[in-house]
Amino acid sequence: MSASSDQSHNERNEQTQSLPRHIAQDAQDATETLPLTQRSAAASDPQQLFLCSTTVSDVGTVRANNQDSSFAGAHLIAICDGMGGHAGGDTASTIAIRSLAHIERDDVTDDVAEIASMMETSVMAAHDAIVGKARRERKLSGMGTTVTAVALVAGYWVLAHIGDSRAYLLRDGVLSRATQDHSYVQHLINTGRITEAEAKNHPQRNVVMRVLGDFDIDPHPDIAMFKAHAADRWLLCSDGLCGVLEDSTIAETMTEVSNPGDCAQQLVSMALRAGSTDNVTAVIGDATMTLDAHAFDLPHQTPLVGGAASASLEPIADIVNEPIATAPALRDDDSPAQRAAALAVAEKPQHDARDAHDPRNDGDSASTSGTSGTSGDESGRGGSGQGGQSKDESRRVVQPSLVREENGDRPKNPDTGEIPVVTKSNGRISTDPNDPEVAQAIRAEQVKLHKTNRARRRRKRVAIIAIIVFVLAAIAGTLFGVYRYSQSKYYVGTADGYVAIYQGVPTSIANFTLSHEVKRTAIKVSALPTSWHKELEQGIVRDNYAEAESHVELIRDELAALQKAQAKKDAAAADAADGTSADDANAGNGTASDNTSGASTDSTDSTTTPQTQTQTQEGGAQQ
């Protein structure tokens with residue numbers, strides 16, 4: 001999971017170049033002038049420096065839940081700003097805190113280079129865990145988180161950073177930004193396209209270019225190492241704080257407010273008053289020095305967890321193998337932000353009453369406003385953050401599993417967010433990715449996950465094939481049923497100009513006809529009336545072959561009757577035509593006779609006339 005040595009060296013050099021000059025020189029000395037195996041011995045009496053830390057986390061006045069998570073211990077401080085919606089951001093930031101928590105243990109090595117490698121490995125392990133959980137639970141898809149963590153190791157600071165959360169270092173009264181935002185607006189600033197002032201109101205100021213989580217982004221963190229000085233003060237904060245407060249305001253508060261608890265409280269309160277619409281989280285860490293490193297009564301504090309990670313403290317207590325406490329709530333200073341938050345809570349009393357019985361919400365109530373503190377005998381903290389709580393709840397302290405079992409508490413299976421939990425032979429629980437047993441458990445989990453995914457894919461393929469076969473069988477069965485039904489029917493239609501009987505129905509599916517010809521008659525379609533043609537073309541459907549035959553016989557009988565009637569009609573027409581012809585003939589014959597008679601008369605008359613004339617002439621002569 002860790003990057004190659006060359007890549008890590010280049011990333012650290014880039015991170016060193018972004019640090020202020022006086023800090024960068026220490027980082028250069030730590031990374032180049034000291035052999036990796038001798039850095040712990042190089043610091044003069046490194047055991048004199050101790051980390052005194054505190055944290056405050058508040059849900060704010062707009063968001064419904066707190067997606068920030070923070071950790072404040074004696075060796076490690078960290079801030080994680082989750083993203084990915086209501087169900088995802090808090091999960092991602094919690095996983096990241098749990099992945100880094102093992103660095104807090106007392107038995108962790110004092111080798112600076114090894115701690116730097118462990119921090120990088122832990123961040124990458126958190127990335128893998130977030131991705132794995134997002135793939136298993138679809139509702140968490142797209143979740144991610146920023147990580148900014150600082151560890152005090154043998155007199156050196158080791159810084160790991162990815163995202164747009166920030167780490168500020170106050171040294172000798174000068175506030176310096178020790179990290180560079182992995183955001184789009186920071187890229188625009190670096191390229192000279194916008195100014196710092198313009199970045200405050202840029203519409204894409206929340207776009208992060210590098211982050212841990214379910215994204216196709218480089219998850220390797222920036223790593224830096226530099227010498228720790230007594231009285232160094234760190235501020236780790238989410239963008240809900242640094243996005244609304246100017247660096248000058250942050251510097252003034254960190255300089256003037258000496259108590260770390262009060263400083264964290266004031267910074268968060270000022271961010272809320274300035275109108276922050278996001279979760280607001282601050283972690284303050286002070287490097288303190290003790291005069292006698294071997295004294296029995298050394299400074300000690302109970303590690304504090306704020307934000308979403310405080311919803312379940314048992315896994316973290318088991319990881320660090322010491323008591324873990326939730327940070328107290330943000331003090332109620334009667335600010336506008338606090339009044340707005342109180343009004344929002346008052347508007348949903350029934351919802352809050354239901355959530356009051358949810359252990360997760362109990363943790364969130366503490367996490368939404370956690371200020372870190374220490375155990376009761378802690379020096380220099382003054383119980384800050386406890387006396388002014390806005391909610392009537394006491395801080396919750398959780399013991400590691402061995403103590404819980406001794407006290408009779410029912411043991412729980414810790415959920416470390418996809419990171420294997422290994423119980424070692426001495427009874428201690430470890431989630432350190434650098435531990436050989438944990439690394440072996442991680443590989444075993446990966447093999448198991450691979451087998452599970454492969455079996456799931458196999459089952460999915462079998463299910464898909466079965467569904468396809470079932471669908472195809474259903475379609476085939478339906479088509480076969482339709483075809484069988486169609487073949488139980490018959491219809492009378494036409495074939496090449498003749499009336500024919502078909503088995504099936506007069507239709508087709510995808511150019512597949514559902515009928516075939518079984519008998520062709522001698523009846524010509526042209527001999528039938530025109531009105532019958534359309535019916536025969538559409539098909540006259542009958543339930544069986546006998547009915548189709550009967551219909552053909554009916555057509556034949558009708559055709560015979562029509563032909564007979566037509567014959568009679570034609571005969572009558574012929575007879576009528578014959579009678580007319582006879583009359584015409586008779587009329588013609590009568591005319592001819594008259595003409596003959598007349599001719600005969602004329603001829604007789606003409607014959608008679610000469611005779612008469614002769615006779616007359618003869619009579620006259622006789623006379």
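Analyst: Happy to; below, each label is set against its definition. This is a predicted model, in which local features need pLDDT of at least 70 and side-chain atom pairs count only at pLDDT 80 or more, while totals for chains, interfaces and linings use all residues. Residues are numbered from 1 along each chain as its sequence is written, and side-chain values use heavy atoms, with hydrogens and water left out.

User: How many helices and strands does the protein have, and what makes a stretch count as one?

Analyst: There are 18 helices and 22 strands. Helices (H or I, at least four residues) and strands (E, at least two) are DSSP runs, numbered from the N terminus.

User: Why is Asp 232 called buried?

Analyst: Buried means under 20% relative accessible area, exposed over 50%, and partly exposed in between (1.4 Å probe, protein chains only). Asp 232 has 1% relative accessibility, so the label is buried. Arg 171, at 2%, also counts as buried. In the protein, 46% of the 623 residues are buried.

User: What makes Arg 171 and Asp 232 a salt bridge?

Analyst: A salt bridge needs a side-chain nitrogen of Lys or Arg within 4 Å of a carboxyl oxygen of Asp or Glu. The closest N and O atoms of Arg 171 and Asp 232 are 2.6 Å apart, so the pair meets that definition. Arg 171 lies in strand β7 and Asp 232 in the loop between β10 and β11, so the pair ties together parts that are 61 residues apart in sequence. The whole structure has 14 salt bridges.

User: Which residue does Asp 278 meet in a salt bridge, and what is the N to O distance?

Analyst: The partner is Arg 63, at 3.5 Å from N to O. Asp 278 lies in the loop between α10 and β12, and Arg 63 in the loop between β1 and β2, so parts 215 residues apart in sequence are tied together. Asp 278 is buried at 13% relative accessible area, whereas Arg 63 is partly exposed at 38%.

User: How do you know that Asp 68 has no salt bridge?

Analyst: Lys and Arg count as positive, Asp and Glu as negative, and His and the chain ends are not counted. For Asp 68, which is buried, the nearest side chain of opposite charge is Arg 63, 7.3 Å away. The limit is 4 Å, so this pair is not a salt bridge. Asp 68, found in strand β2, does make a side-chain polar contact with Ser 238 at 3.1 Å. That term covers a pair of N or O atoms within 3.5 Å; within protein, one must be able to donate a hydrogen and the other to accept it, and residues adjacent in sequence count only if both atoms are side-chain atoms.

User: What is the strand order in the open sheet of four strands, and why do β21 and β22 stand at the edges?

Analyst: The order is β21-β20-β19-β22, with antiparallel pairing. β21 and β22 each have a single partner strand, so one side of each is left without a neighbour in the sheet. Two strands pair if DSSP finds at least two bridges between them; β19 and β20 are joined by six.

User: Which residues are linked with Arg 520 in a network of salt bridges?

Analyst: Asp 496 and Glu 517 are linked with Arg 520 in that network. The closest N and O atoms of Arg 520 and Asp 496 are 3.1 Å apart. Arg 520 is partly exposed at 40% relative accessibility, and Asp 496 is exposed at 66%.
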